[in-house]
Amino acid sequence: NNQVILKDYITGMPKLSHMLLKSTKLPLQLKDGSQDVLAKNLYLSCDPYMRGCMRNLPSYFTPIFTPGSVINGYGVAKVVISNHPDFKEDDLVMGITGWEEYSIIPGGNQLQKIRYTDIPLSYYLGILGMPGLTAYVGFYDLSSPKAGEKVFISAASGAVGQLVGQFAKMHGCYVVGSAGSKQKVELLKDRLGFDDAFNYKEELDLHATLKRYFPNGIDIYFENVGSKMLEAVLENMNLHGRIAACGMISEYNLEEGQGIRNISRVISKRIKIQGFIIHDYWHMYPQFVEKVRGSIKEGKIVYVEDIADGLENAPAAFVGLFEGKNIGKQVVRICDE
Ligand code: NDP
């Protein structure tokens with residue numbers, strides 16, 4: 001059973017050398033009396049939160065990883081043997097699994113059955129999974145959007161951002177996104193239907209850039225990156241603007257205490273800024289799947305994935321998230337059904 005192991009806790013940027021590919025013997029039986037499931041992993045997800053699990057500090061996603069142990073994250077898998085009454089052989093499931101070919105997973109609330117298989121299975125790690133629900137909750141629930149409002153999204157071409165942008169367009173908003181390459185900017189404008197987009201790496205003064213794209217200010221900011229972008233956004237927010245503080249990826253590899261400066265604008269501009277963690281919203285998952293599945297089938301939503309092939313390429317795919325290498329949702333295909 002090939003596995004990806006985290007060697008030790010990380011400081012700074014994650015690197016390939018922080019992870020190790022190892023082969024172990026697969027137990028052929030489940031423990032008697034357990035409710036475990038032995039599953040064959042088909043797809044694994046690379047998500048930025050996983051970086052927070054690689055340091056020996058409290059993270060918004062617990063538990064943190066144990067050095068020397070297999071990395072875990074969201075995955076899609078097929079049940080091989082089940083001790084749990086809700087799952088049987090050949091069921092397709094999604095949930096937290098290991099970065100390995102086969103995993104023994106507690107069959108409780110860590111796993112759920114995939115109901116619709118007429119949609120690519122990898123979508124359950126993105127548009128129909130945790131990032132999709134994040135975009136849905138963060139936009140509709142936390143941002144209180146109104147048609148005609150001006151919406152700005154950072155890391156806009158990624159798993160979450162691409163969906164927030166499309167939800168906002170469907171809602172009648174004016175939407176601008178930022179991303180880190182020309183190719184991503186073109187994707188936002190040409191395929192994902194954003195009104196406009198820019199490459200933040202080419203902008204010397206983000207405050208002036210945002211003024212150019214939003215001469216009348218920003219009503220809603222969907223925050224994915226933090227640092228300098230958030231500082232510039234705060235200067236450009238409208239009165240009573242709303243910020244859905246989803247993530248701050250540019251800060252994940254920094255040491256503690258290197259934060260943003262002009263947060264006091266939140267007060268002077270009466271901005272509502274709300275942090276959220278998607279784990280508090282899983283009860284909305286069934287409603288979300290029904291709604292978004294329909295939009296996918298009707299072709300109303302475009303979804304862009306970046307699929308790396310093979311478990312051995314999972315570490316590079318994960319590291320790539322922090323270098324902006326992924327174009328769309330980053331997943332790893334372990335094997336086909
Ligand atoms: P993405 O698919 O967007 O991948 C990450 C992207 O972030 C990269 O492609 C890169 O795009 C950008 N990025 C990386 N490093 C930096 C940096 N230093 N400065 C600016 N941009 C950077 O990831 P997701 O869509 O999965 O996640 C987006 C955000 O949402 C993350 O912050 C994540 O932690 C957060 N999140 C929060 C959840 C919650 O429950 N609150 C749940 C899910 C996600 P580019 O080329 O544009 O730089």
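Two strands pair if DSSP finds at least two bridges between them. The model examined here is predicted. Strand S11 (residues 218-223) and strand S12 (residues 237-245) meet this criterion, with 5 bridges in the parallel sense. One of the residues involved is Ile-218, whose bridge partner in S12 is Met-237. Between S11 and S12 the chain passes through helix H6 (residues 227-236). This β-α-β crossover is right-handed.

S12 also pairs with strand S13 (residues 272-275). These two strands run parallel and are joined by 4 bridges. Here Ala-244 has Gln-274 in S13 as its bridge partner.

These strands belong to an open sheet of 6 strands. The strand order is S10-S9-S8-S11-S12-S13, and the pairing is parallel. Strand S10 (196-199) and S13 form the edges, each pairing on one side only. From one strand to the next, the twist averages 15°. In general, strands of a sheet pair through backbone hydrogen bonds, either parallel or antiparallel. In a regular strand, side chains alternate between the two faces of the sheet.

Ser-178 stands opposite Phe-198 in S10. Helix H4 (residues 182-191) packs on the sheet and touches both S9 and S10. The direction of H4 makes about 175° with that of S10.

At the level of domains, the chain is divided into two parts. Domain 1 comprises 2-126 + 305-333, and domain 2 comprises 130-279. Their C-alpha centres lie 28 Å apart. The contact between them takes 14 residues from domain 1 and 17 residues from domain 2. On the side of domain 1 that touches domain 2, the residues divide into 6 nonpolar, 6 polar and 2 charged.

The ligand draws on both domains. Domain 1 and domain 2 each supply at least three residues of the shell around the ligand. In total, 30 residues surround the ligand. The closest are Gly-158, Gly-180, Gly-247, Ser-250 and Gly-324. By class, the shell residues divide into 16 nonpolar, 11 polar and 3 charged. Helix H2 (130-141), helix H3 (159-170) and strand S15 (329-333) each supply at least two residues of the shell. H3 gives the most, with 3 residues.

Definitions and conventions
Residues are numbered from 1 along each chain as its sequence is written. This is a predicted model: local features need pLDDT of at least 70, side-chain atom pairs count only at pLDDT 80 or more; totals for chains, interfaces and linings use all residues. A residue is near a molecule or strand if its C-beta atom, placed from the backbone, lies within 6 Å of it. Ala, Val, Leu, Ile, Met, Phe, Trp, Tyr, Cys and Pro count as nonpolar, Asp, Glu, Lys and Arg as charged, and the others, Gly among them, as polar. Domain bounds come from an automatic or database domain assignment. Two residues are in contact if their C-beta atoms, placed from the backbone, lie within 7 Å. A crossover is right-handed if, with the strands pointing away from the viewer, the path from the first strand over the helix to the second runs clockwise. Axes are lines fitted to C-alpha atoms, for helices over the stretch in contact, and angles run from 0 to 180 degrees between N-to-C directions.
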